[in-house]
Amino acid sequence: MTFDEIVCARRSVRDYDPGRPVSEEDIRALFEAARLAPSACNSQTWRFIAVTGRERIEALCDHAMRPVVRNKWLRDAPLIIAGCSQLDIVANRVGAAVTGIEYYQIDLGIAMEHIVLKATELGLGTCWIGWFNEDETRRILAIPRRVRVSALLAVGYPREPLPDARPRKSLDAICFADTWGRPFAPAPPDGP
Ligand SMILES: Cc1cc2nc3c(=O)[nH]c(=O)nc-3n(C[C@H](O)[C@H](O)[C@H](O)COP(=O)(O)O)c2cc1C
């Protein structure tokens, strides 16, 4: 698949085949894609846990989801990746103290999206989960207090059919040229 094909094929998948596990080889390929991601000062604060044990997945579903959006479909996912950040890495803390930007969150987001795109290439579906309880997740996965958990990612083989693409804002609405609010580019003229 080309990069554009991968980007266009990706969807948030909320319906997984529980009988089809993700192979260790594929989990390794996902982690390898994360490992090569950029990070502020190359500090690589991200840490990932591949959760495949049924009991622990059910514990996450039962105790670590927040009310209202309980992500009930998560129970069928054969793999949940917990996206964590080790906060006691000096280079990362110094940068954040000076600029006020929490680089570890950016770094983790980039690395996890590498996982998402690699998974798409491997024919796997994914769904980011932000609506979860961090303390409960720490308890279930034995994650130390100094480590943040900023996102979970469901991974597995989608049951057909894949969901339709969700709408996106137009380029005009989100991209500017030179200064805030200045239109990015006029639409190209028709024809050659
Ligand atoms: C940081 C983040 C957190 C998200 N949390 C959830 C979640 O808790 N539950 C869920 O069903 N989808 C969650 N999503 C998926 C979004 O709803 C989804 O990406 C968005 O609706 C666009 O749809 P698409 O991914 O299929 O293009 C999350 C996505 C991101 C990036």
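1. Basis. The structure is a predicted model, in which local features need pLDDT of at least 70 and side-chain atom pairs count only at pLDDT 80 or more, while totals for chains, interfaces and linings use all residues. Residues are numbered from 1 along each chain as its sequence is written, and side-chain values use heavy atoms, with hydrogens and water left out.

2. Overall make-up. The protein has seven helices and four strands, these being DSSP runs numbered from the N terminus (helices H or I, at least four residues; strands E, at least two). Along the sequence they follow the pattern α-α-β-α-β-α-α-β-α-β-α, and the C-alpha trace spans about 60 × 50 × 35 Å along its principal axes.

3. Helices α2 and α5. The axes of α2 (residues 24-35) and α5 (residues 103-121) come within 8 Å and cross at roughly 140 degrees, where axes are lines fitted to C-alpha atoms over the stretch in contact and angles run from 0 to 180 degrees between N-to-C directions. That angle makes α2 oblique to α5 (under 35 degrees counts as roughly parallel, over 145 as roughly antiparallel, 65 to 115 as roughly perpendicular and the rest as oblique). The crossing is right-handed, a term used if the near helix is turned clockwise from the far one by less than a right angle.

4. Helices α3 and α6. For α3 (residues 54-63) and α6 (residues 134-141), the axes come within 10 Å and cross at roughly 160 degrees, which makes α3 roughly antiparallel to α6; this crossing is right-handed.

5. Ligand site. The ligand is surrounded by 13 residues, the closest being Arg-10, Ser-12, Arg-14, Arg-166 and Arg-168 (a residue is near if one of its heavy atoms lies within 4 Å). By class, this shell has five nonpolar, three polar and five charged residues, with Asp, Glu, Lys and Arg counted as charged.

6. A polar side-chain atom of Arg-10 lies 2.8 Å from a ligand oxygen atom, and one of Asn-71 lies 2.8 Å from a ligand nitrogen atom.

Key. Polar contact = N/O pair within 3.5 Å; in protein donor to acceptor, adjacent residues only side chain to side chain.
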